[in-house]
Every structure is written in structure tokens, then in C-alpha cells.
Amino acid sequence: MVLLSRRALLRRVGGGVGTAVAGGAVALAGAAGAEAAEVRQAPADAVGMLYDATKCIGCKACVAECSKVNGLAPDTAPSNGLWQMPVDLDVHTKNVIKLYADPATGETSYVKRQCMHCVDPSCVSACPFNALHKGDLGIVEWDGTRCIGCRYCEVACPFEIPKFEWNQFNPKIVKCELCRHVLDRDGQPGCTRVCPTGAVIFGRRDGLLAEAKQRVAARPGVYHEDRVYGEREAGGTQVLYLSRVPFEKLGLPALSDRALPAGTRHGGGFLGKFVALPIVLYVVFLRFFRRNWRVHEEEVARLKAERGLEEQL
Amino acid sequence: MATSAARSVPLPAPRRVAQEGVINRWQRGVPVHEVRVVTPWFLFLVGLFVVGTVLGLARLLGGALGPFTAMTDAYAWGVWKTFNVMALTALGSGALAVGLASWVLGRHHLHTVMRTALVTSFLFYATGLLGLLTDVGRPWNFWNILLPWRWNTESALWEVSFAMPVYCALFLLYENGPMVVERLWSSKNDRIRGWVRMWHPRIRKTYPFVVAGAYVAPILHQSSLGALMVLAGHKVHPLWQTDMLPILYLVQALVCGFGAVIVVVMSSCLVWRRPLDVKVLGELADLMSFTTIAWLVLRLGDVIVRGRLGDAFAMDRWGVLFLLETTAVAIPAVVMRFARMRATPRAVFGMAMLACVAGIAYRFIPTTLAYAPGEGSTYFPAVPEVLITMGLVAIVVGVFSIAVKRFAVLPAPLESWYHSVEHDRRLSAASRSDAHGHADHD
């Protein structure tokens, strides 16, 4: 029988524990990696809007109503204070109608811009404290008590939607939240309620998608590429677009079908990234560190004996 | 420790020390003594610091970001994040790079530059965090960090805002601790000495266990800094946008870590007239070169695998930028492969400088020059923004210059150590003979 000193025994046990912990962590990472890169689907009750640019007459009733319902001061600066005339989304404007016109071909189209309420939003994935999050009905909501004002949502949003109050104390992130504060009362957002031509309508996302596809099927060749923008773009959005004019010309970027957050999730999730990986690295580093620590101690003892110098860590 | 050693052992004969010095010039951290802290340069740094601090406080107390910055909704991140946090903390990765090399890979010669790396890293991280504080619009909501159920662990920025303060305030302070404790030991106050006597063995006992963790933390958040831009998707030019960004940022941090330690330690030796240790510098340059080659393999491999090599030779501004950047990264790697170049301090210094500049450029470009959030929007930092950034850099340089004069940071030959101990002894003798205890020696 071999007698071990207490220290040697501890070291052996410690080594075994370290190996076991590292092995367990690797297994954990493997399990976590298996559920990697999940593709998210819209919730069953997800609501959204369908905007059909061929029906829009550019009356901007939706813009005025949006300001009213959301208590935003009308942006009159571009018209020298005469009337509400926002040129783009900003902290006073959650919803805007813009005109695309190509003088060469005479091609024109209106486009309505507001938050797309992505199925798997980049802004939500980016937000460090879940200030932006998917709420009821799949609406992307902002919670001011959690927002640190880092503006990562602005960097992450492929549609350039969230706006930041640069000139305010305690600045807010401003963007369309589908009038969630009046949905119970009105049953729909301000913009769809006042639209005189039905260019923008509100409803369940699956119903709107079916409606859009029906319109495309009824008038083949009219809509750009015979397809619905937002069905698959960036993993799908809850606001859908139909247009004669190519979507990119309306400022709707050509995006891959893969939601950007899905690409960043394949690191193995929380367990892999913040539990398994650190444990494995720690165990490995510690093993080598302690080996070199012994070399260091010999060196320290030598220095002390030969020169009387204390160690310097 | 320091003084007790000197007290118990007589000074060795100078010739013996000199001989030893030839073998290995850097043996020990030694304070820069007989040099004043307050110099004209230092006052210039204090000036920058004051301007930056006043502006920073005005920005924080005023609350609004607009009046102080040129940022817009399109360019929502300015130099405070993209330069102070995302680029400059690469220079603060010396503690990680040199620590891994010396403690984990067993390059024992490098222990002599470890303190320089630790002080530099702490300062770059601390000022990076100050930059982050100045940058965010609602800093008071940081209390959410205390509520785990509010964390979005999927967010790279959560990881950065959680791990960077922890790394800086726990690990880097702990690692810098022995240097301070050593200094306290030379105090004449018995209570302080008793405190040191109690804590020193505890630090020694926990040292490997804590410091191994100090290498895990930066590996996580330096890669998260790269992950930040992945979510920006198509807004970042395809030559830079890749899922490999986290790994590329991490490896680049190691390159910059080695480079920054070379630059800092060599310029300090130049300024405060210390001999160089060609062997240690050569080893650092060697590691820097190897890490850079690994980075180049990853970088070019990634561009080729994604089929974007054509963009590099498109001769548009991004292609040219890519070629310039890659060349600037590659030159130090190639030059430092030659042993003769590694033995030439001038070459080592120049190449380390170039590596740092190129590394910072690589980490800065995806957020600025190669970032295109939409037509018509531009960003160039506003004057207050730049002044605050300069104030933060002034803190790094200024506090470093104080630290090396008050603590045993910079490496030196043994004879300097004895010289410094002798200097200390003269100082305390002078203060004892002076009734008011004021000896004006800086």
C-alpha cells in the first residue's frame, strides 16, 4: 500500500475533480450546442400590418393620427412651422409616408415606414437588459426602466428604426409599438384605423400574409417579383409590404432570410458560453499555472537564499 | 519585503552585479526614483485631463448627448465606444497576452514586464469604462446589472458591460495588488505593516486560483467586443463583416497586448534612461509575430472561404483600405521573424508600434470607415467628443507616469534595485533628521 501525504492526496483528488469538471463542462457545451442556431417562429397570436404601396395615395392621415394617438408633437420644422411635414422617422415621428420618384422613368411610389416588428428582432437580441423585448402579440416594446441608453438597438436594426432623443435629459428610445396602449380600446393602431384607402391594414400576421399572397395571385406581374416583403426577410417581420417598385428603392434593404440573432446564437447559448467554456478554460489555465508556479517558487527561494531579495509578483 | 531584505543583507560588490546584468538586463521591478512627478509634460497631461473631465461632467450632469457629440441615429456609436472601448482595450490586453505567455505557457523571462502590462491594462480598461459611462444616455439604469432576471445574456453588450467592470475592478486590481502591498511594507506605520503581514500570505495562496480566472474573463469579453458588430449585418462592409469577428478581435487583442507592452516598456526605458533587455524584448516580439501570423491565417482564410477575395482587389476605397490594413498588420509579423531584427531594439520598437496602430485600425474600421448605415449620413467626431477621448488617454499616460515613480513597475537590472533601496534609505534618513519630516525629493 502506498501512503500518500495529505498534500499529495489532495493534489490527486483535485486533479481528478478538475478533469471531471472539465469533462462535464465539455459535455454540457455539446448539449448546449445541439440546440444551437434555432430559427424562431412568430407567436401564434402575432399581429402586424400589411402595407400595399399600390393603394397608398400619400394623404398622410396615418402620420397625423400616429402623432395624436402617441402624444407626439407634430414635426413642422421642414415647412417652417406651417403644417406637419416629417421627412423621415425621428424622435417626433414614429410613422412616416415617403415618396419615391425616379425622374428618368417617371416611376413613383409612396412608402410607409415604421417599426417592422421582426419575428426575431436584432434590437431585442442586442439590448443588454431587455429594455426592448417581444411583448404580447409579438409587439416589440420598449421599457424605460431597463434602458441604459447604449443605442446598440440603433446599430443592430437593419431597418434603421429606433430613434434616440439626443437632446433630452434621460433620453428615450422612440419607435412604433403598434399603439399597444390603445389596442384594447380601438382594436387597431391609429394609422390603420384612419387609412381611407385600406393601403395599410391591421390583423393577425398569418391572416395578413394569406391576404397579401391572395392579392399577388390575383394580379400576377403587378407586384415586384410577385412576392411579399417581410415574409422571410431577416427571419420574417410582422409588418408586411407589397409594392410595384423594387423594395430596395423604397428603402427596404435586401436582407438574407436568416435572422441576424440566429447567427449569433450558435455559440452554444448561455450554458456553453458562460458556464462550460469558462470552466474548461479555467481548469486548463489553472493546471499550467500551478505547474509554473512551482518553478516560480523555486526561483523565489533561490533569489532569497542567494541575494536576500523578496519575490515580486 | 523590499526594505527588510535590504536591511538584512549588505549590498553586494558592484562588479558582481554588473556581470550578472550582462546575462539578463531586466531582473526586477524598480521604481523610477530621483525623477519628479510634476514635469511640464505632466502638467500638459493634467491640462488635457481637466478639460476632458469638465466636459465629461457637463455631459453627464446635463444629460443630453446631442450638444457634445456628432453622433446621429445612423451613426449611433461614436469614438467613445468605437475607439476608447472597442479599440483601446486591445492595448489593455497586455495583462492577458503576457500573463498567458509567462504563467500558462511558461515563458519565465517575461515575468519582468508583467507589472508594466498590468498597470497599462488596468488604466486602459478603467478609462474605457469611463468612456462607456460618458457614452450611455441613461447611466443610472445600470442598476439593472444587479437583477439577474433582467439580463439579456444573448447580448454581446451585456457581456461587455458585465465582464469588463468585473475584470477591471476585481481581477486587474487584485493582480496589481502585490505591487501596492510591497510598497506599503516600506511604510513606517506598524499597523500598515501588520496589515501587510496578514494579507501578503493570503494573496500568495490564492494567487494562481484568482489569476487563472483573470485570463478567462478577457477572453470572453474581448471576443464579445467583436461580436457586437455581427448584429450590424449588412451595414458593415463584407470584407469586415463575418461571424468570425469575435475570434478575430480576440486574437488581435493578443497581438496588440504584446505590441503595447513592447511600446510602453521601451518608451519608458527611453524616457527614464533605463537599459533594455534585448532577450525579453525579442521574446515578446517573437510571440507578437506568431500571434499575428495566426491572425492573418484566420483573417485571410475567412475572406477566401466567404468568397470575398475579389472585393479586396476591387480597387474601391474599401478594397484599398483592406489591403493597407492587412499590409500594415503583416509587415511586423514578417520582419519580426528574423532573429537579427528581434535583436535590434530600434526595429522591435518600430514594428511593435506598427502592430499596435494596425491592430487598432482593424478594430476601429468596422465601426467607422467600413460602416454604412444608409445614404447621406456621415460622422466625424465633434470637438468635445475628441477632447473627452484625449482626456481619457491623458489619464492613462499621466497615471502611468505617477505609478512608475511611486511603485516598482518598470523592469531594471539588479544594480538599479540596490540603488533604489539605497536612495530610499537616504530619503528616510533625511526625513528623520528633518524635524518636520518633509524631504522634497521626487
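Colleague: Ground rules before we start?
Modeller: The model is predicted, so local features need pLDDT of at least 70 and side-chain atom pairs count only at pLDDT 80 or more, while totals for chains, interfaces and linings use all residues. Residues are numbered from 1 along each chain as its sequence is written, and chains are lettered from A and ligands numbered from 1 in the order in which they are written.

Colleague: How many helices and strands are in chain A?
Modeller: Chain A has nine helices and nine strands. Those are DSSP runs numbered from the N terminus: helices are H or I with at least four residues, strands are E with at least two.

Colleague: What share of chain A counts as buried?
Modeller: 42% of its 313 residues. Buried is 20 or more other C-beta atoms within 10 Å of a residue's own, exposed is 12 or fewer, and partly exposed is in between, with C-beta atoms placed from the backbone.

Colleague: In what order do the three strands of the open sheet run?
Modeller: The order is 8-1-9 in chain A, with mixed pairing. Strands pair if DSSP finds at least two bridges between them. Strand 8 (200-204) and strand 9 (239-242) of chain A are at the edges with a single partner strand each, so one side of each has no neighbour in the sheet. The twist averages 20° from one strand to the next.

Colleague: In which sense do strand 1 and strand 8 of chain A pair?
Modeller: Antiparallel, over five bridges. A:Tyr51 stands opposite A:Val200 in strand 8 of chain A.

Colleague: Which strands does helix 7 of chain A lie across?
Modeller: Helix 7 (residues 205-218) lies across strand 1, strand 8 and strand 9 of chain A, at about 20° to strand 1. Axes are lines fitted to C-alpha atoms, for helices over the stretch in contact, and angles run from 0 to 180 degrees between N-to-C directions.

Colleague: New topic. How many residues does each chain give to the contact?
Modeller: Chain A gives 54 and chain B gives 57. In contact means C-beta atoms, placed from the backbone, within 7 Å.

Colleague: Which element of chain A gives the most?
Modeller: Helix 9 of chain A, with 14 residues.

Colleague: And in chain B, how do helix 10 and helix 11 cross?
Modeller: Their axes come within 9 Å and cross at roughly 155°. The two helices of chain B are therefore roughly antiparallel; under 35 degrees is roughly parallel, over 145 roughly antiparallel, 65 to 115 roughly perpendicular and the rest oblique.

Note on methods
Two residues are in contact if their C-beta atoms, placed from the backbone, lie within 7 Å.
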